[in-house]
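Reader: Hi! I'd like to get to know this structure a bit. Could you walk me through it?

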Amino acid sequence: MRQNSKLQAIALGVLSACSLAAGYEVQFSDSDYSRQICSGMWASQSTFINVTFDESSSQGQVAMVVYEWNDVKYLGATTSMTDDSLPKTYVCTTDAVRAGLCAYDNVGKFIFSSDDGTTSNQTTFWTASVTLNQTSDASSGSPGLWESPEGNPTLPADNYTSPWRSRELHYSPRQSSDPLNPSPYETVAYTQPIQYQVRKKGYYCVAIVPVTVLNPTARQAPTDVPSHPTYNGVVLFRNTFDGQLPATDYPKVNFYLAMFFVYVIAGSVWAWLCYKHVTELLPIQYYLSSLVAFLVIEMVANWVYYRYLNAHGKTAASVVFLFVVAILDAGRNALSFFMLLVVSLGLSVVCESLGRTMLKCQILAGLHFVFGVLYAVGIVELELESTSALVLLMFVIPLAFTLSGFLMWILYSLNGTMMQLTVRKQRYKLRMFKRLYYILLGTVAIIAVFFVISSVSFSDRLAEDYAAKSWKIRWWLLDGYLALLYFFSFWSIAYLWRPSENNRRLAMSDEIAQEDEDAEDYDLETLQQRTIAREDDEITLVNSRREPEALAEDHVVFEIGDEDIGSDDEGETAAKKRRGGERRASSDKQDGADEERQGLIHRDRNE
């Protein structure tokens, strides 16, 4: 039986060692400030938590507990019913036994306390007292008991029924009615990784506390001094996915993969439109095309980065990869602000070229990119707790200046362009920029709403249960919604400036007046020139023998009065000239009629 137990232990040890490469690992030691390690778990029938101690550097005895956060209310006992300032007592010690907080059988374990009659088997609570570095005694065959000069008692045949011996981990087939993770009744001698089965999604914690328990029935030498336990080890959280990412970050892998495919599809549609109207492309559409390609590269880089972290963990190569992703992110921000600025300045729609203003825009974009890279590298490399505020500000202030410059210039340019189009009565182009304004306004409103939500969420970050409540949505608050918001905002703007068959016509043409009240923008000279060009064979400006056709009342664009008449004499002279002109026109008509009649009479006589 003992041989079978060793074979099972070896097999489980091999399986545990193989699984170490496929889970989220957190190291721990007796010098850690926090004695508790927690992580979210996406559960299935094959998920578990392994606790592995380094046997070469671990010795002594520890109290250990594993539980899901919803059962934290059962952990520990109230120390005093009268003094609320005293913290709860979590570990059963001899002092706790004297105070009646726990039973002597539970010395060295965490205290389970329930006021509603719930038992530990009905919860996710698992606790044990674990002794470390016991392999030397087990290998030599020594029972690990005190040698009495008067002789030792005979040990029972079963190695696991003695109340004086430390129990080893014993794995046996689990029955359906058995608890999933039953707590051992006696002290456990550590010989292999301790495994805790997880079948329910939740936020699980592992707490390890060094304890020194003195057995009052054991003989102690006067010079014996209890030693403080020392230990090192690793906690492995094996989730439903294969990899070393924590459960709270793993959704980013699938998210960035999905975003990559979405950007590829949208970019393919954009590329087809550019190919279809390649002869009509404007400069602003070339900038948009380059940004589309850059966004596809950035999405695939983010996906590959998180895939690498999931497969290999945090290594030197992952840090280099993080720098690459940070550079791409800074480039995306700089290109996006640059594109938005040149659009707001009216490039390719209001003006064909920006001249020297384009150089200023490019310089600002370059500075924003450089400062963005420095900021990203500084956030990764600098330790916020030990770095001075002056050094941190050196990384933050330059980026804040360029960002503020972009925002102020974009707003100023957009308002100026809209005002110019309003004065020129360019309603179609004005409608494009108004839609751009509404898109930016909606984006700012959504950011403000999510800022409030995020502020409310992160305001409780110091609360004890903050991580347990937010681990499933934390990636969404930090990365998800911003990526989706950028996606919809960018493609909404790109849709307004999409390639079409009328690009050149839109850029090079001005909209003419469509309503009567807009006709006052056209002067008389321009109107006469258009009329001459259209009907030069019918209208004569001076001494015309053909009477001009009268304009209909609804066709009148301007009403020209006698503003130029300076006196009554000038008015009478003008009236006489008009009457003389009318008489000459009437005489000409009469002469023409007489000539026509005489011609007809002469033709009849000849016939």
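Predicted model: local features only at pLDDT ≥ 70, side-chain atom pairs only at ≥ 80, totals over all residues.

Reader: Are Arg98 and Asp95 buried or exposed?
Author: Both are exposed. Exposed means over 50% relative accessible area, buried under 20%, and partly exposed in between (1.4 Å probe, protein chains only).

Reader: How many salt bridges are there?
Author: The count is 5. Another one joins Arg238 and Asp242, at 2.7 Å from N to O. Arg238 counts as buried because its relative accessibility is 15%, while Asp242, at 56%, counts as exposed.

Reader: What about Asp329 and Arg332?
Author: Their side chains form a salt bridge too, 2.8 Å from N to O. They lie 3 residues apart in helix α6 (residues 316–344), about one turn of the helix. Asp329 is partly exposed at 29% relative accessibility, and Arg332 is buried at 13%. Shared partners link Glu298, Asp329 and Arg332 into one salt-bridge network.

Reader: Nice. Which residues touch the most other members of the largest nonpolar core?
Author: Tyr263, Phe433, Leu436, Phe490, Trp491 and Trp497 do, out of 62 residues in that core. A nonpolar core is a set of buried Ala, Val, Leu, Ile, Met, Phe, Trp, Tyr and Cys residues joined through side-chain atoms within 4.5 Å. Elements giving two or more residues to this core include α4 (251–276), α5 (283–312) and α11 (474–496). The most come from α5, with 10 residues.

Reader: And what does Phe490 touch?
Author: Leaving out residues up to four places away in sequence, Phe490 touches Leu288, Leu291, Val292, Leu295 and Met339. Contact means heavy atoms within 4.5 Å. There is also a second, separate core of 25 residues, with Val66, Ala128, Val130 and Tyr190 among them.

Reader: Switching topic: how many cavities of 30 Å³ or more are there?
Author: The search of the whole structure finds 2. A cavity is a set of points on a 1 Å grid over the protein atoms alone where a 1.4 Å probe fits but cannot get out, and lining residues have an atom within 4 Å of a point. The largest cavity holds about 60 Å³ of space, a volume being the space filled by probe spheres set on the points.

Reader: Which residues line the largest cavity?
Author: Among them are Phe28, Asp32, Arg35, Ile208 and Tyr231. Strands β1 (24–29), β2 (36–41) and β9 (202–211) each give two or more residues to the lining.

Reader: Last one: is Ser336 buried or exposed?
Author: Ser336 is buried, at 11% relative accessibility. This residue is in helix α6 and, apart from neighbours within four places in sequence, is in contact with Leu291 and Tyr486.

Technical notes. Residues numbered from 1 in each chain as written. Heavy atoms only, no water. Salt bridge = Lys/Arg side-chain N within 4 Å of Asp/Glu carboxyl O. Helix = DSSP H or I, 4+ residues; strand = E, 2+ residues; numbered from the N terminus. 1 Å grid on protein atoms, 1.4 Å probe; cavity = no way out; pocket = protein on both sides within 12 Å on 5 of 7 lines; lining within 4 Å.
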